[in-house]
Amino acid sequence: MKAFEATRIFFDQAADRLEIDPDLREALLMPQREVQVQVTIRLDDGRLANYIGFRVQHDHSRGPMKGGLRFHPEVDLDETRALASLMTWKTAVVDLPYGGAKGGIGIDPSKMSSAEIERLTRAFVDQIHDIVGPDTDIPAPDMGTDHQVMAWFRNQWEKYHGFHPAVITGKPVEEYGAKGREEATGRGVGTLTVKLTKRLGMDASKTRVAIQGFGNVGSHAAKFLHDAQFPIVAVSDITGTYYNADGLNIPELLRHKFAHPKGLLEGFERAEHLPLDALLKLDHVEVLIPAALGGVITQKNAQDINAKVIVEAANGPVDPDADAALHDRGVTILPDILANAGGVTVSYFEWVQNRQHYRWPLDRVRQELDHTMNEAFEKVWQMAAQHEVSLRTAAYMIGISRVRRATELAGLA
Ligand SMILES: NC(=O)C1=CN([C@@H]2O[C@H](COP(=O)(O)OP(=O)(O)OC[C@H]3O[C@@H](n4cnc5c(N)ncnc54)[C@H](O)[C@@H]3O)[C@@H](O)[C@H]2O)C=CC1
Ligand SMILES: O=C(O)CCC(=O)C(=O)O
């Protein structure tokens, strides 16, 4: 199923409950603007290469649009549109004064040099600098991009528009970045995993966790949950699944990742090495955390999943057919638009600090992040109980209601 079709189905399930009429649904669901650009760079070997870049601006009724930049071979317009719409509902669920957007380029950054990625980022900014800005659309990191890419982006944008670090978030801490942004998405995932499992009566030390993806989000979620005494029995990255039935040594895995030139787990010997797809099907796992790509859990493999709880650290990892099948089997799914909202929440704190020329200490960032995540969780939990719907439908109902209210207050023509 295409990514935007999947988000439309989730949107409709909530819109039905909210009894939103078809015209307004279409207005809320479709993006405000979609931009596709050609990004041409000279490769290190002297050849010219052309790539396609996208920025989809989904909704701005609640504030400037906000959302990450993805560098990955599968980036296309449909996926970017879906991810942009998720940002609109996500910023609304955690009640940030933002709308939603997303962008990306269809490349494989692992096959490019750092100099090529810098040229690519700068060429992309040359193409889209007019449509982004601190009061209009503020990018941030996502898959395949990091604080260095954010620093290049900001530097190139400021060549056109002058000093304004709030044009992008997720910057290096020494270059106007917020302390705690890098860990924020994983920390938010960890905080809500602890909260949800407690609510379901599960004991941390007996709750085995498997995490798909050991990049920014997966590795920080693993660290948080390891510190909270959860046994992490499996993690994976593009080089395969690493498994230990008694719990992996997460600090050792992190040291291995940071020592590897491409940040991979390849060559880690103190775990059983299993194929990539083994992670989703492991027998003795209570919590599954997909933290890599979207669309990984479908009708085809949903029946192989043995976990009781799925925490969606990735955007769109479970498609609607699998979602329904897992729900019927009693699996609790904490949806992406709540579970991974920690990243954009600390991006908001970074933007606020940049605009005030003021810096918060790490403990303030963490405290405010934890507060935001806990409050949003409680609202979603209550909504689900009150309307007897899944946590996903409840989260969409909250997000859509807030966007609908802002749209109506602004006045529809
Ligand atoms: N970075 C952020 O602050 C946020 C990220 N997210 C979402 O979290 C997910 C991960 O993002 P990041 O950690 O930032 O990306 P990243 O680029 O830092 O890491 C991605 C990880 O996934 C692994 N991976 C890729 N394909 C895989 C596969 N088929 N099986 C297993 N592992 C695979 C990679 O090897 C890498 O370890 C994405 O869906 C992203 O949209 C959501 C909210 C914020
Ligand atoms: O930090 C941000 O502004 C956006 C992060 C993001 O792209 C996401 O939450 O999916």
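Analyst: Happy to. Domain bounds, to begin with, come from an automatic or database domain assignment. With those bounds, the chain is divided into domain 1 (31-167) and domain 2 (182-339).

A word on the model itself. It is a predicted model, in which local features need pLDDT of at least 70 and side-chain atom pairs count only at pLDDT 80 or more, while totals for chains, interfaces and linings use all residues. Residues are numbered from 1 along each chain as its sequence is written, and chains are lettered from A and ligands numbered from 1 in the order in which they are written. Here pLDDT is the predictor's confidence in each residue, from 0 to 100; its mean over the chain is 97, and 100% of the residues reach 70 or more. For the complex, the predictor gives an ipTM of 0.99 and a pTM of 0.98.

Now to ligand 1. A residue counts as near a molecule or strand if its C-beta atom, placed from the backbone, lies within 6 Å of it. The shell has 24 residues, and those that come nearest are Gly213, Gly215, Asp237, Ala314 and Gly343. Both domain 1 and domain 2 give residues to this shell, so ligand 1 lies between them.

Which elements supply the shell? Helices (H or I, at least four residues) and strands (E, at least two) are DSSP runs, numbered from the N terminus. Helix 7 (216-227) and strand 8 (232-237) each supply at least two residues, and helix 7 has the largest share, with three.

For residue classes, Ala, Val, Leu, Ile, Met, Phe, Trp, Tyr, Cys and Pro count as nonpolar, Asp, Glu, Lys and Arg as charged, and the others, Gly among them, as polar. In the shell around ligand 1, eleven residues are nonpolar, eleven polar and two charged.

Gly343 also leads us to ligand 2, where it is listed among the closest residues with Gly68, Ala140, Val344 and Ser347. In total, 13 residues surround ligand 2, and helix 12 (residues 342-356) gives the largest share, three. This shell has two nonpolar, eight polar and three charged residues.

How do the two domains meet? Their C-alpha centres lie 27 Å apart. Two residues are in contact if their C-beta atoms, placed from the backbone, lie within 7 Å, and eight residues of domain 1 are in contact with seven of domain 2. On the domain 1 side, helix 3 gives the most, with six residues. That side consists of five nonpolar, two polar and one charged residue.

Helix 3 (residues 77-93) has another partner. Its axis comes within 8 Å of the axis of helix 14 (residues 391-410), and the two cross at roughly 90 degrees. Axes are lines fitted to C-alpha atoms, for helices over the stretch in contact, and angles run from 0 to 180 degrees between N-to-C directions. Angles under 35 degrees count as roughly parallel, over 145 as roughly antiparallel, 65 to 115 as roughly perpendicular and the rest as oblique. Helix 3 is therefore roughly perpendicular to helix 14. Helix 3 brings Thr88, Trp89, Ala92 and Val93 to the contact, and the residues from helix 14 include Tyr396 and Ile400.
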